[in-house]
Amino acid sequence: MKDILNFINGEYVSNVSGKTYEKRNPVDNSLIGMVHEAGKPEVDAAVAAAKAALKGPWGKLSVVERCNMLDAIVAEINNRFDDFLQAEIADTGKPATLASHIDIPRGAANFKIFTDTIKNVSTESFEMRTPDGKTARSYGVRTPRGVIAIICPWNLPLLLMTWKCGPALACGNTVVVKPSEATPSTATLLGEVMNKVGVPPGVYNVVNGFGVDSAGSFLTSHPDVNGITFTGETKTGTAIMKAGADGIRPVSLELGGKNAALVFADCDFDNAVATVTRSCFENAGQVCLGTERVYVERPIFDKFVAALKEKAEQMKPGRPFDADTKIGPLVSKIHQKKVLGMYAKAKEEGANIVFGGGIPDMPEELKDGCWVQPTIWTGLPETATVVTEEIFGPCCHIQPFDTEEEVVAMANNNRYGLATSIHTQDISRAMRLASEIEVGLCWINSWFLRDLRTPFGGSKQSGIGREGGVHSLEFYTELRNVMVKY
Ligand SMILES: NC(=O)C1=CN([C@@H]2O[C@H](COP(=O)(O)OP(=O)(O)OC[C@H]3O[C@@H](n4cnc5c(N)ncnc54)[C@H](O)[C@@H]3O)[C@@H](O)[C@H]2O)C=CC1
Ligand SMILES: O=C(O)/C=C/C=C(\O)C(=O)O
C-alpha cells in the first residue's frame, strides 16, 4: 500500500492525528494509496519551516543562483518525466497523450518562464530637483512577499500548482502547497525533486488534506502566511478572500467560468469544429477555460451541430495508455455525481439531447470508474441551469444567433468572465468583439493557445489579478520605492 505523506522542511512526514483517507483511481476505482491528512500541527510546522527558510541560505542566494536552482528543477522534472506522468494519470485518469503533451511539460515550463522573467525584469527610476537645489533619485526594488500559500484544484494538478510555485520561488518566496484532496501525488512527488537539486529545507512544503476544517483553511487562516494564491471554484475563492482579509493578506484568484464560443457563418468551418471539439471535451471538459456555451450563426447552425455530434461520437472513452483512448473519466465519484445531476437537470428543463446525456457503456473492469458521456444539448432558453451554471464536464449547449449584438449580449449575460473564443475570418469583427466581450482571455480562431509571458486571469466572478510573465511579479513581490537625496 502506497502512503502519500506531507512534505515539510525537506522531509516526508505523516501526522499526529493518525488520520488518513483513500485515494482511488477514477478509471476503475482501484485504491492508489492512503493520504496522510495534515492537521493544524502539520500546517503550523510547514508555515514555520517556510518562514524560517526565508532567513536561511535560500534568502541569501543571488537572483542568478536562485534561477540556476530552478533550472535544475526543470531538468529533474524532465529526468523524472515518466514518474510524474504515471502519478498524474493515476490521480486523474486522463489520457497519457494529453498529460504527456500538456500537464507534465507545463510543469517544467512554468519554472523556466519565470527564471527568464526575473533575470530580465527592470524597475523604474526617476530623478527630480529638491527644493534646496539638490537632486533626488527614486528607484524601485522588488522584494519577496514572504510565505505564499498555494491552494490547488484537481483538473490540471501539476500544471496549475507549478504555475504559482514557479514565480513564487523565482521571486525568492517560500511556499506551502495544498494540493486538491483528489490529486495529491505530483505535488508530493515534487518534494523529491527539490531535495535532489538542493533546494534548502522549508522552501517548498506540501500539506495534504481537504479545504474546510482541514489543511486548506488551517493554511489560509495562518497569520504567518503573507499571500494566498488559489485556483478553483468561485465559492471557495470567496471563502479564501475572507480568510485573507484577516491580517490584510493579498489574494490572487483564478476562479470558475461559463465560457462561450462564438461561431460565425464566415468561419473556417473545419477549424472551428475541431477547436470547439477540443474546448468542450478536452480533459473531459475539466478545464476552467473550456467551452460550455456555443453560439452558432443561424445559416450554419444545423451543419455545425451535426459536425460536433460526429466529433463527440468519436470520443472513445478508455484507459489512459490505450492508443485509441480519446477521453478519460471525471476525477472522482463526487464530481461524476455532480455532472450527471446536471445532465438530469438539462433533460428535466426540456433540452434536446443531440448526443450523450449519461454514462457510456464500459467494459466490466472499468464499470466502477467515474465515466460520463460527452454531451451536446440544443433547444434550451438562456436561463436554463446548464446554460448559466458551470458544470466542469464534457458538455455544451448550442444556441443559434442572428446578429452580432444579440450574440455579444448572450455571451456577456453571465456572472463569470473568464474566457471566450471567436471563430470568424472577418478580422475587423473579431477585434471589435474581442473588446466587447467581458472576459480576461479571448482567443480568435483558436483556444488554450498559451504564451506564458501574457497576463492570465478572469474578470467578473472569474477572478482577481493576473498571473503570467511580469504580471506575476505584482503578486509575488513587494515593490518598494527608494529615494536617495544627493
Ligand atoms: N480551475 C477551475 O476553475 C476549477 C473549478 N472547479 C469547479 O469547482 C467545483 C468543485 O471542485 P472542488 O475541487 O471541490 O473545488 P474547490 O474550489 O472546492 O477546491 C479547490 C481547492 O480548494 C481547497 N479548499 C476548499 N475549500 C477551502 C477553504 N474553505 N479554504 C481553503 N481551501 C479550500 C480544496 O481542498 C482544493 O484544494 C467543480 O465541480 C468545478 O465546477 C474545480 C476545479 C478547478
Ligand atoms: O494555462 C494555464 O496556465 C491554465 C490553464 C487552465 C486553468 O487555469 C484551469 O483549468 O483551471
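Author: Happy to! Helices (H or I, at least four residues) and strands (E, at least two) are DSSP runs, numbered from the N terminus. This is a predicted model, in which local features need pLDDT of at least 70, side-chain atom pairs count only at pLDDT 80 or more, and totals for chains, interfaces and linings use all residues. Residues are numbered from 1 along each chain as its sequence is written, chains are lettered from A and ligands numbered from 1 in the order in which they are written, and side-chain values use heavy atoms, with hydrogens and water left out.

Reader: Thanks! Where does Asn29 lie?
Author: Asn29 is in the loop between strand 4 (20–24) and strand 5 (31–36). Its phi is near 65 degrees, a positive value in a residue other than glycine.

Reader: And what is phi of Lys460?
Author: Lys460 has a positive phi too, near 45 degrees, and is a residue other than glycine. Lys460 belongs to strand 21 (residues 459–460).

Reader: Okay, on to ligand 1. How many residues surround it?
Author: There are 26 around ligand 1, and the closest are Cys152, Trp154, Lys178, Glu181 and Thr236. A residue counts as near if one of its heavy atoms lies within 4 Å.

Reader: Which polar side-chain atoms lie 2.7 Å from an oxygen atom of ligand 1?
Author: One belongs to Lys178, 2.7 Å from an oxygen atom of ligand 1. Another belongs to Glu181, at 2.7 Å from a ligand 1 oxygen. A polar contact here is a pair of N or O atoms within 3.5 Å; within protein, one must be able to donate a hydrogen and the other to accept it, and residues adjacent in sequence count only if both atoms are side-chain atoms. From the backbone, a polar atom of Leu255 is 3.4 Å from an oxygen atom of ligand 1.

Reader: How much of ligand 1 does the protein bury?
Author: The protein buries 89% of the 810 Å² that ligand 1 exposes when taken alone. Such areas come from the Shrake-Rupley method with a 1.4 Å probe; for residues, only the protein chains shown count as cover.

Reader: Why does ligand 1 lie between the domains?
Author: Domain 1 (6–255 + 462–485) and domain 2 (259–444) both give residues to its shell, so ligand 1 lies between them. The bounds come from an automatic or database domain assignment.

Reader: Switching to ligand 2, which residues are the closest?
Author: Of the 14 residues that surround ligand 2, the closest are Arg106, Asn155, Leu160, Cys288 and Arg450. A polar side-chain atom of Arg106 is 2.7 Å from a ligand 2 oxygen, and one of Asn155 is 2.8 Å from an oxygen atom of ligand 2. Cys288 places a backbone N or O atom 2.7 Å from an oxygen atom of ligand 2.

Reader: And how much of ligand 2 does the protein cover?
Author: The protein covers 99% of the 310 Å² of accessible area that ligand 2 has on its own. Helix 6 (residues 157–170) gives the largest share of the shell, three residues.
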